[in-house]
Amino acid sequence: MTQKPVLEAENVVKELGKGAGKVIALKGVNLALVKGELTLLMGPSGSGKTTLLSILGCILTPTSGTVRVEGEETTGKSPEELAEIRRKHIGFIFQSYNLFPTLSALENVRIALDVIGRKGYQAAQRAEEVLRDVGLGNRLKNYPSNLSGGEQQRVAVARAIAASPSVVLADEPTAALDGENGHAVMALLARIAKEQNRSVLAVTHDPRTLGYADRVVRIEDGLIVGEERRPKGLDAPEIADLTKRRKANG
Ligand code: ADP
Ligand code: MG
């Protein structure tokens, strides 16, 4: 891989809590992400997935080690500067969608543009464009309570990509969804990586998501313990089927 990483963690250590409750959540993690790929971060509960995602997304700062976003080190930056990096380069998706219940789908996406100073007609047009792109062109005025879980998560995806970040970080994006909606969201994330040339990192322990990945990184007890590349050229449902058949055959 000769492509320059868009997001990098180097020897990242993170201590959380204090005194007797102190936990070393990350024990020296190295990870580099490039554009055009969907990477899955898999590992048991408590292994440090959310902590790593938060550090890569500049929500948390490492106790030691280095994070680089588009080649720029984040060490020593002020909270305001980190917020600026987040707004410019990173989109977030959460398990529980985190939509504003009193705003429509369109308004939920417009908010993400508002915070980067894009307002008015152009922002409305951009919000509509990304919602159409995720297949919700006919749901623009719906409130979250009038959308299915899968649709709400697709609004969250639209919101995450509205400002055209180079990186999208998703924490268990399919955990609250049924099979069909989970597959739709993963297919969408894979497409966002490929067609829009973004780097997408999704934390998951959902084996249904495997077929969509270019790369799977495994974390255990605060350390990266393995990594594999997934076969290219097969479409995801075929891979999912293969996995199922393999399991059925023992
Ligand atoms: P995962 O997302 O893989 O389930 P986390 O990154 O949330 O794991 O947590 C990693 C470890 O850090 C766990 O042992 C967890 O209990 C601990 N932890 C997470 N947040 C805190 C905190 N604020 N204070 C102390 N320990 C924490
Ligand atoms: Mg977690």
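The model is a predicted one, and in it Thr51 belongs to helix α1, which covers residues 49-56. Leaving aside neighbours within four places in sequence, Thr51 is in contact with Lys14, Leu16, Ala25, Leu26 and Leu60. Because its relative accessible area is 11%, and buried means under 20%, Thr51 counts as buried.

## Nonpolar cores

The largest nonpolar core has 41 residues, and those with the most contacts inside it are Leu38, Leu40, Val109, Leu131, Val155 and Leu189. Two or more residues are given to this core by each of β3 (38-42), α3 (105-114), α4 (120-133), α5 (149-161), β7 (167-171), α6 (179-195) and β8 (199-204), and the largest share, 7 residues, comes from α6. Apart from this core lies another, of 26 residues, which includes Val12, Ile55, Ile90 and Phe92.

Within the largest core, Leu40 is one of the residues with the most contacts; not counting residues up to four places away in sequence, Leu40 touches Met186, Ala202, Thr204, Thr209, Leu210, Ala213, Arg215, Val216 and Val217.

## The largest pocket

The largest pocket has a volume of about 460 Å³ and is lined by 19 residues, of which Ile90, Phe92, Ala112, Val115 and Arg159 lie nearest its centre. Elements giving two or more residues to this lining are α2 (79-89), β6 (90-94), α3 and α5, with β6 giving the most, 4 residues. By residue class, the lining divides into 13 nonpolar, 3 polar and 3 charged residues.

Note on methods:
Residues are numbered from 1 along each chain as its sequence is written. Chains are lettered from A and ligands numbered from 1 in the order in which they are written. This is a predicted model: local features need pLDDT of at least 70, side-chain atom pairs count only at pLDDT 80 or more; totals for chains, interfaces and linings use all residues. Side-chain values use heavy atoms; hydrogens and water are left out. A nonpolar core is a set of buried Ala, Val, Leu, Ile, Met, Phe, Trp, Tyr and Cys residues joined through side-chain atoms within 4.5 Å. Buried means under 20% relative accessible area, exposed over 50%, partly exposed in between (1.4 Å probe, protein chains only). Contact means heavy atoms within 4.5 Å. On a 1 Å grid over the protein atoms alone, a cavity is a set of points where a 1.4 Å probe fits but cannot get out, and a pocket is an open set with protein on both sides within 12 Å along at least five of seven lines; lining residues have an atom within 4 Å of a point. Grid points are joined across faces, edges and corners, and a volume is the space filled by probe spheres set on the points. Ala, Val, Leu, Ile, Met, Phe, Trp, Tyr, Cys and Pro count as nonpolar, Asp, Glu, Lys and Arg as charged, and the others, Gly among them, as polar.
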